[in-house]
Each structure stands twice: as C-alpha cells, then as structure tokens.
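Here is a short tour of a helix pair and a ligand site. Have the sequence and the 3D view open as you read along.

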Amino acid sequence: MKRWLIKKLKSVKLWRHIRRHKAKLYSSSLVSSEAYGEYLKMQLQRSLRKNDLRLKPRTIQLIDKLAEVVSLQQTKVLCMGCRNRAELDYFHHKGVADVVGIDLFSEDPDILVMDMHYLQFPDNTFDVVYSSHSLEHACDPRQVINEMARVCRSGGVVVVEVPINYEVTSTDLVDFGGYQNIHKEFVFCLKETLWSENLPSQNNSTEVARTIMRLV
Ligand SMILES: C[S@@+](CC[C@H](N)C(=O)[O-])C[C@H]1O[C@@H](n2cnc3c(N)ncnc32)[C@H](O)[C@@H]1O
C-alpha cells in the first residue's frame with residue numbers, strides 16, 4: 001500500500017480512537033491543558049505506528065526472573081503500557097490467572113484504555129505492578145510512580161524496566177540513568193529490592209535498567 005495512504009489511514013484511526021476514548025483519556029483537570037492533550041496525542045501516534053506483536057526475549061527474561069524471586073500463584077497483575085497481549089499471555093503462561101493491561105490504545109478486551117498518570121483502580125488492587133518500557137514515556141514520572149504505589153497492595157511487588165543512557169525524544173521523555181535512580185524515586189514506598197541490573201547495550205540495542213522491588 002502506498003505510504004501516503006497508510007499515513008492517512010493511521011491519522012484517521014488516531015482521530016477515531018481519541019474521539020471514542022476522549023472521556024477516559026481526558027478525564028482529569030490536568031488533562032484538559034493543551035500541552036497534556038498534545039502529550040497524549042504524540043504517545044498515541046507513536047503507538048499506532050509501532051505494531052510489533054512479538055513476545056520479546058527481554059520480556060521473557062524479566063517475567064522469568066520475577067517468577068524466580070516471588071511466587072506468581074494466585075496473584076493479580078497489572079501490565080502498565082503493555083501495548084498488546086504479549087506480556088499478558090506470558091504471565092498466563094507462568095500460571096497467573098488474573099492479568100489486566102492498560103494502555104492509551106487497545107483492541108483487546110483484556111487491555112483497558114487508561115492513562116498511567118490516572119489509574120482508574122482502587123488502592124491496593126494488585127499484587128504485582130509490571131511496567132516495561134512505559135515509565136520513560138511519562139510526562140510526570142512522580143505522579144505515575146505514586147499511582148503504581150497506590151494500586152499495588154502493601155507488601156506487593158513493582159517491576160520496572162526502562163531504557164537508559166539514551167537520547168530523549170518527544171515521546172521517550174525520561175532517562176533514569178540506572179536502576180539506582182529508579183530506587184530513589186520509589187524510596188517513599190520501597191521495602192526491599194529483590195533484584196536489579198543495569199544491562200549494557202547488546203547488538204546496538206539501548207542499555208536498560210531493570211528492577212524488582214517489594215513495597216512496604
Ligand atoms: C515502548 S511501549 C512498551 C510495550 C511493552 N510494555 C514492552 O515492554 O515492549 C510503551 C507503551 O506505553 C504506552 N503509553 C505511553 N504513554 C502512556 C500513558 N500515559 N498511559 C498509558 N500508556 C502509555 C504506549 O502507548 C506504548 O504502548
């Protein structure tokens with residue numbers, strides 16, 4: 001298909017999506033600001049451009065590591081910024097029955113359209129909050145971290161993976177620089193670190209920081 005036509009179809013899809021989910025995405029007072037609306041639009045545009053449905057080796061490694069350090073039986077898991085079913089299915093494969101995903105965009109009933117800055121769940125809903133390559137897209141990481149801590153039950157586990165030491169862009173907004181700085185951001189609710197690593201670049205991929213933390 002011609003490039004201009006694909007571009008046009010994608011912008012129609014974006015416009016329809018925003019119209020359909022306006023109430024959910026633009027529900028808070030902050031969201032009504034023009035700058036925040038632009039932020040959401042940029043993130044959505046990027047997500048619609050990227051349509052990679054494959055389960056990534058890094059996802060397998062991180063969820064396998066999580067299953068090594070905590071029992072996943074009978075847990076309720078939130079995948080924040082999951083984009084598609086890949087993470088959800090891998091959690092199911094590891095024996096987790098109750099997994100929900102949230103993203104700004106969804107074509108799957110198990111993935112709810114929701115902004116990570118304003119999670120529409122009651123306090124203490126999840127045993128595990130899993131955020132892989134989504135926290136760097138936050139326009140206000142502190143607020144997202146507060147939300148993650150709020151919806152994770154006391155004694156629950158938060159998992160974060162982010163790219164580090166990369167050039168930030170208009171959609172990849174935050175460089176934590178290493179897992180040590182992620183821990184600093186979670187210090188108000190961090191009980192213990194179960195596992196962490198800063199992974200050097202491999203085959204030209206970006207360096208990543210990953211950490212599994214138990215909350216107080
Ligand atoms: C790089 S993808 C990560 C997908 C998957 N978790 C992974 O590890 O490959 C980032 C996802 O975060 C989502 N996202 C960006 N900003 C968001 C926001 N404010 N609220 C919820 N999801 C957001 C994007 O739509 C995108 O699907």
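Let's begin where two helices touch: T59, I60, I63, D64 and L66 in α3 meet E87, Y90 and F91 in α4. By residue class, this contact comprises five nonpolar residues, one polar residue and two charged ones. Keep in mind that the model is predicted.

Next comes the geometry of the pair. Helix α3 covers residues 57–69 and helix α4 covers residues 86–93, and their axes come within 11 Å of each other. The crossing angle is roughly 40 degrees, and the crossing of α3 and α4 is right-handed.

Now for the ligand. Which residues come nearest to the ligand? Of the 20 residues around the ligand, these are S47, E87, D103, M116 and S132.

| Residue | Ligand atom | Distance |
|---|---|---|
| Y39 | nitrogen | 3.1 Å |
| R58 | oxygen | 2.9 Å |
| E87 | nitrogen | 2.5 Å |

How much of the ligand does the protein bury? The ligand taken alone exposes 600 Å², and the protein buries 96% of that.

Methods
Residues numbered from 1 in each chain as written. Predicted model: local features only at pLDDT ≥ 70, side-chain atom pairs only at ≥ 80, totals over all residues. Heavy atoms only, no water. Axes fitted to C-alpha atoms, helices over the stretch in contact; angles between N-to-C directions. Helix = DSSP H or I, 4+ residues; strand = E, 2+ residues; numbered from the N terminus. Left-handed = near helix turned anticlockwise from the far one by under 90°. Contact = heavy atoms within 4.5 Å. Nonpolar A, V, L, I, M, F, W, Y, C, P; charged D, E, K, R; others polar. Near = heavy atom within 4 Å. Polar contact = N/O pair within 3.5 Å; in protein donor to acceptor, adjacent residues only side chain to side chain. Areas by Shrake-Rupley, 256 points an atom, 1.4 Å probe, with all protein chains shown as cover.
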